Amino acid sequence: MKSTRAILLSASAAALVLLAGTGGAEAETLRLLTWGSYAPDKIVEAFEKKYPDIHVEVTFSNNEEMIAKLRATGGAGFDLAQPSHDRIYAVQKEYGLYKPLDLSKIDMSVFEPKLLEGVKANTTIDGKVYAVPHQWGTSGIMVDKTKAPDAKGWGDLCNSKYKGRTSMRLKRTILLGTAFSMGYDPFAAYGDLKKYQEILDKVADKLIACKDNIKAYWKGGDDLASLMLSGEVVMSETWDSTAYRIYNQNHNIVFVPPETGALAWIDTFAIPAKGEADDAAYKWINFVMQPEMVKLMSASSGAVIAVKNGKDMLPDDKKAAYEAAWTPEDVQRLKFFANIPPGVEDMEGKTLEKIKAATGG
Amino acid sequence: MPRKDADRLSLILLMTPLLLWLVLLILLPHLGIGYLSLREKVAPRVYHFSFANYIDFLHEPIYWNTLLRTAWMSILVTVLTLFVGFPIAYYIAKVAGRRSRAALFLLCLVPLWVSDLVRAFGWMMLLRETGIVSGLLQWAGLSSGPVEMLYNDVTVIVGLVYTVVLFMIVPIVSTLDGMDNSLIEAGYNLGGSRLTVLRRIIVPYAMPGIVAGCIIVFMLTAGSYLTPVLLGGKNSMWFTEQIYDQFITRYNWEGGSTFGILLLVFTSLVVWAGLRLSGQNLATTVAKR
């Protein structure tokens, strides 16, 4: 009896201390809205150790959900978000979800200049910059070399030689990739939405005819990994980081940058319009761009960080996968996702619905 | 007089949580969604009041086909769940002994302790081409090559039945529990066959439970998201997926809200039609004292 009371007492004492710890001190919370592997525990711990008065709260999400979450609150609820570079301009114009960055608070010298300029150009509205790059990667195809040795581009996903053995994610990437493989330049057509709709219609026809060839649409990285590793699928549209992860387990499965050019995305740092901890957010940006943290980050996400020589910061296994995949010509052919003008997401969404609902195969 | 005041006070106190729940979590969100669904986007940050979203729905066969498909498959799931669930419920309530009854009930509950997502992945591991069932079939010599059982409508239905069967079992068990065994005996004594007893005595008695179970199962199925998305194939579109796409992929909250309202109205209509067709009503079944 006595012992239970002692336990109760000490428990409530501990609870009080905890309460005091959270409520009493001027602890700031940094609410981070980011991708699955972009805030590994090690980095969060190191950050909280360096800045003991900042507590980091991480919410994992993806591009679409990030925007939906911020839109629901008009840009409140989070202090730092990490949307892709092409998703900022239209969203900012339409919903005003972000606030301009104070570039003087960021250590700009560490960034890879090409990526920094690219992101700045993409996210400058009325002379104000809304994002800086964090890490980048590409979308292309992943191939089991032993079973589909001559696959080269997006179009091979619809090659009847691999009937029932290919996969893709039914999202905008595959629309764009297919458009390039058919000889169009969808990014150039962004300026003329009527023309873009025509391209989308042709892409939809092609992908509907292709349904028969596809085993299933994958929905997430784990889904895709099990399809590839089990051998149920020999070729799939993929993120390069997922392909590198799989290469680690099976060296026959490699990332292939499509011959029309792999599609490159840059995930950025942007501060939501009603963020309440801007200083902490800038501290986080500077913190994770330091060399030691860059290595940890790369190991966790498998993507290349937007610092100078970011590729060399990849851990050895991922570097091997990277080198198995890329030639200098492939790098030259990289196509960065162009800014999505307002309205395009809706057109693409409708096309995707049409493809999904069609009973092609 | 003070007695009456105390009664009134306790009534208010008892009702407050319920009212708060109803107003804050059910009424207000639906009003919000209803309001959103009546806005038409004419330009960035400019909206007008109109029924355009509803008209869009009618003009686009993809949308209403998906809604009809979802409703039809949900009805199928409900019927199958009834056929699977009723014998189990009957066994638990009437055949099983006192002690094993609790154990059986617990066994039915166990799958609910795991999240929907994990259960869907469980099915995927079992049914995929390189999965356990396919492997067993090959090992037993019943099939010469790998069999793909995932990514089709049958899998979706199996997965959904598995997910919701408990919600059929519980209400039926609780109604059958209250049934006096002598009623069944009397049926037999009067010369009724097993079938007659089931048809004329047990089913009518269990009707409130059956109707309640069917309504819950139908609503849960029509509103489910994970199971159809993960187990479904290239062509299988569920209406909730459409709603998600409208909200998340297309940034079209107005359209998504419209679909939400339509799903609510449509499933309510189906439930109403089901009650009419079976000659039941809510007062004599779900709300029966």
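The model is a predicted one, so to speak of local features takes a pLDDT of at least 70, side-chain atom pairs count only at pLDDT 80 or more, and totals for chains, interfaces and linings use all residues. Residues are numbered from 1 along each chain as its sequence is written, while chains are lettered from A and ligands numbered from 1 in the order in which they are written.

Chain B comes out with 12 helices and 2 strands; helices here are DSSP runs of H or I with at least four residues, strands are runs of E with at least two, and both are numbered from the N terminus. Read from the N terminus, the order is α-β-β-α-α-α-α-α-α-α-α-α-α-α. Along the principal axes, the C-alpha atoms of chain B take up a box of roughly 85 × 75 × 35 Å. Chain B has 289 residues, and 30% of them count as buried. Buried stands for 20 or more other C-beta atoms within 10 Å of a residue's own, exposed for 12 or fewer, and partly exposed for anything in between, with C-beta atoms placed from the backbone.

Chain B is split into domain 1 (1-37) and domain 2 (52-116 + 149-284), with bounds that come from an automatic or database domain assignment. The centres of these two domains of chain B, taken over C-alpha atoms, are 29 Å apart. Where they touch, 4 residues of domain 1 of chain B meet 7 residues of domain 2 of chain B. That side of domain 1 of chain B has 2 nonpolar, 2 polar and no charged residues. Nonpolar covers Ala, Val, Leu, Ile, Met, Phe, Trp, Tyr, Cys and Pro, charged covers Asp, Glu, Lys and Arg, and the others, Gly among them, are polar.

An unreviewed UniProt entry puts the feature "transmembrane region" at several stretches of chain B, including 71-92 and 202-226; positions follow the numbering used here, feature names are shortened, and annotations may be inferred rather than shown by experiment. In the model, residues 71-92 of chain B are 100% helix and 0% strand, with end C-alpha atoms 30 Å apart. Residues 202-226 of chain B are 88% helix and 0% strand, and their end C-alpha atoms lie 35 Å apart.

Chain A also has two domains, domain 1 (27-136 + 265-316) and domain 2 (138-263 + 319-357). Their centres, over C-alpha atoms, are separated by 26 Å, and 17 residues of domain 1 of chain A are in contact with 13 of domain 2 of chain A. On the domain 1 side, α4(A) gives the most, with 4 residues. Elsewhere in chain A, helix α10 (residues 278-288) has A:A280, A:A281, A:Y282, A:W284 and A:V288 buried. Among the elements covering these residues of α10(A) are β1 (28-34), α2 (41-50) and α11 (291-301) of chain A.

Finally, the two chains meet through 24 residues of chain A and 21 residues of chain B. α14(A) gives the most to the chain A side, with 7 residues. That side of chain A divides into 7 nonpolar, 5 polar and 12 charged residues.
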